[in-house]
Amino acid sequence: MTHAVVLGATGQIGRVAVAALARDGWAVTAVSRGGDRDARWPGDVRVVRADREDDGALSEAVGEGCDVLVDMVAYGERHARQLVSLAGRVGSAVVISSVSVYEDDKGRTFDTQSEPGGFPEYPVPITEAQRTIRPGDASYSTGKAALERELLAAGDRLPATLLRAGAIHGPYCRTPRELYFVKRNLDGRRRRALAYGGASRFHPASVRNIAELIRLAAPRPGTRVLNAVDPDAPTVAEIASAIDAVMGVETEDVLMDGPPVDGVGETPWTTPAPVVCDMSAAEDQLGYRPVARYADTLPETVAFLEERLAGRDWREAYPKMATAYGDLFDYAAEDAWFERR
């Protein structure tokens, strides 16, 4: 039996990845700061409490060694070097990165999107050959690029598969984009404005599909970068409609020709240009086939959100979401915009 150590095991991807590896016959050590156990894990999954920021605790969690170390939370140059320092005891690594490392041909990235005309215009679809942002510590994107650079450079010592995830979705997400439509439906909003004609596309990535990529990469050591997204990239209008169907409601879409107006028409999925990734490399290199389409995952996600929101202010339930997006539910502004139409 081969041994896998999973860092960030109780996060949204980690919970599913641990279960997938265990089902595939791996002896799994699930490492998290809380040392919790997910009810879906087999009883022989070993649970370890450790903070990956503590080099000694991480080293102790790895113990005498493992065949693969799966890292859900690595970020920046320091974490990359921390992983490489374990090369003598770790056979290979599978590490979560992000599509936000991509840069378009004019140097625009997710970091420039707030500037006038700053949203990147990527090719459709984006392949792993697309150029990436300059590594650094200025932002999430530059930090992920630094992580990639260090691990790829150390591939002769620690082979690492880097998975560039899209808009991750599923239970336990701390910034669930689906919250926008779920809460509106729970609040009885039966009309919604959608900027850019509701045609925005930001490629989602189910935790189930990411876990399948991890399962396939774990026994196939290599130094590579792979996109990690769902087989479909629905528009924001299609996402909204799919959530309505799960919740059994009907909502009128009011499609705006252009960008949001004073926040009206803005959603967590709204982009002025598509972000759609190609999965051919994963199919060719790992024999990957997706295990779920976006709509397949929504019943579980919606149920989790409804339970989490029950009797709570959404900002209490999802404080990181409130920090990232501000006031997502300014119904007064939306109603005023409807009146002016």
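Let's start with C173. C173 is buried, at 5% relative accessibility. Buried means under 20% relative accessible area, exposed means over 50%, and partly exposed is in between (1.4 Å probe, protein chains only). C66 is buried too, with a relative accessible area of 7%.

Before we go on, a word on the model. This is a predicted model: local features need pLDDT of at least 70, side-chain atom pairs count only at pLDDT 80 or more, and totals for chains, interfaces and linings use all residues. Residues are numbered from 1 along each chain as its sequence is written, and side-chain values use heavy atoms, with hydrogens and water left out.

Back to cysteines. How many disulfides are there? A disulfide is a pair of cysteine sulfur atoms within 2.5 Å. By this rule the count is 0. Take C173: its nearest cysteine sulfur belongs to C277, and that is 17 Å away.

Now the whole chain. The protein chain has 12 helices and 11 strands. Both are DSSP runs, numbered from the N terminus: helices are H or I with at least four residues, strands are E with at least two. The C-alpha trace spans about 65 × 45 × 35 Å along its principal axes.

What about the radius of gyration? It is taken over C-alpha atoms, and the globule rule is 2.2 Å times the number of residues to the power 0.38. For 341 residues, a compact globule would come out near 20 Å. The protein chain has 20 Å, so the two agree.

Of those 341 residues, 57% count as buried. Next, contacts, meaning heavy atoms within 4.5 Å. Take the contacts between residues at least 6 apart in sequence: 77% of them join residues at least 24 apart.

The protein chain exposes about 14700 Å², and carbon and sulfur atoms supply 46% of it. That area comes from the Shrake-Rupley method with a 1.4 Å probe; for residues, only the protein chains shown count as cover.

Then charges. Lys and Arg count as positive, Asp and Glu as negative; His and the chain ends are not counted. Each charge is placed at NZ of Lys, CZ of Arg, CG of Asp or CD of Glu. There are 40 positive and 51 negative charges, and their mean positions are 2 Å apart.

Let's zoom in on R192. R192 sits in strand 8, residues 191–194. Is R192 buried or exposed? R192 is buried, at 2% relative accessibility. Leaving out residues up to four places away in sequence, R192 touches several partners, including D244, E252, D253 and E334. F181 and F338 are also among the residues R192 touches.

Next, I133. I133 lies in the loop between strand 5 (90–98) and helix 4 (140–153). I133 is buried, with a relative accessible area of 8%. Beyond four places in sequence, its contacts include V101, E103, T109 and A145.

P125 is in the loop between strand 5 and helix 4. The peptide bond from V124 to P125 is cis, with omega near 0 degrees.

Last, two tyrosines. Y172 has a positive phi of about 75 degrees, although it is not a glycine. Y172 lies in the loop between strand 7 (167–169) and helix 5 (179–186), and is partly exposed at 35%. Y196 also has a positive phi, about 55 degrees, and is not a glycine. Y196 lies between strand 8 and strand 9 (204–206), in the loop. At 25% relative accessibility, Y196 is partly exposed.
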